[in-house]
Amino acid sequence: QEAPDRLRPLVDAGALVQLTAASLDGRFGRRARRTSHELLELELAHLVASDGHGPAIREVGLSSAREALGDERLAEWLVEGVPGAIVADAPLPERPRRPARRRPRLFGRLGR
């Protein structure tokens, strides 16, 4: 968690990184949430899993993690596209591009 970019050489060599849904949506705390989102920002994470093998914090379900992402195309890639490709032993689908961020306007629209 201290240095998520240390995963870069492994990912560049072909390793896939899986995030736990509870880390992504904050059920494992702020630090895990922040690290999960940083891994996504650095494009070092490839899939999200529910990790649902216990009744406590690891409840089955990905909907809250999908909501925490705030990007439906990326969510679909992480929870459907990449896992589906792994199961099918197929090439991974291309990661969706981030939507362009709109720059805030300093003075609003001119001519109004």
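The model is predicted, so local features need pLDDT of at least 70 and side-chain atom pairs pLDDT 80 or more, while totals for chains, interfaces and linings use all residues. Residues are numbered from 1 along each chain as its sequence is written, and side-chain values use heavy atoms, without hydrogens and water.

Let's start inside. The largest nonpolar core has 19 residues, and Leu19, Leu24, Leu40, Val48, Leu69 and Leu78 touch the most other members. Such a core is a set of buried Ala, Val, Leu, Ile, Met, Phe, Trp, Tyr and Cys residues joined through side-chain atoms within 4.5 Å. Several elements each supply at least two residues of this core, among them helix 3 (30-41) and strand 2 (47-49). Helix 5 gives the largest share, 6 residues. Helices (H or I, at least four residues) and strands (E, at least two) are DSSP runs, numbered from the N terminus.

Two residues can be compared by accessibility (buried is under 20% relative accessible area, exposed over 50%, partly exposed in between; 1.4 Å probe, protein chains only).

| Residue | Relative accessible area | Class |
|---|---|---|
| Ala22 | 2% | buried |
| Leu92 | 35% | partly exposed |

Ala22 lies in helix 2. Its C-alpha atom is 7.3 Å from that of Ser50, 28 residues apart along the chain. Leaving aside neighbours within four places in sequence, Ala22 is in contact (heavy atoms within 4.5 Å) with Arg27 and Phe28.

Leu92 sits in the segment after helix 5.
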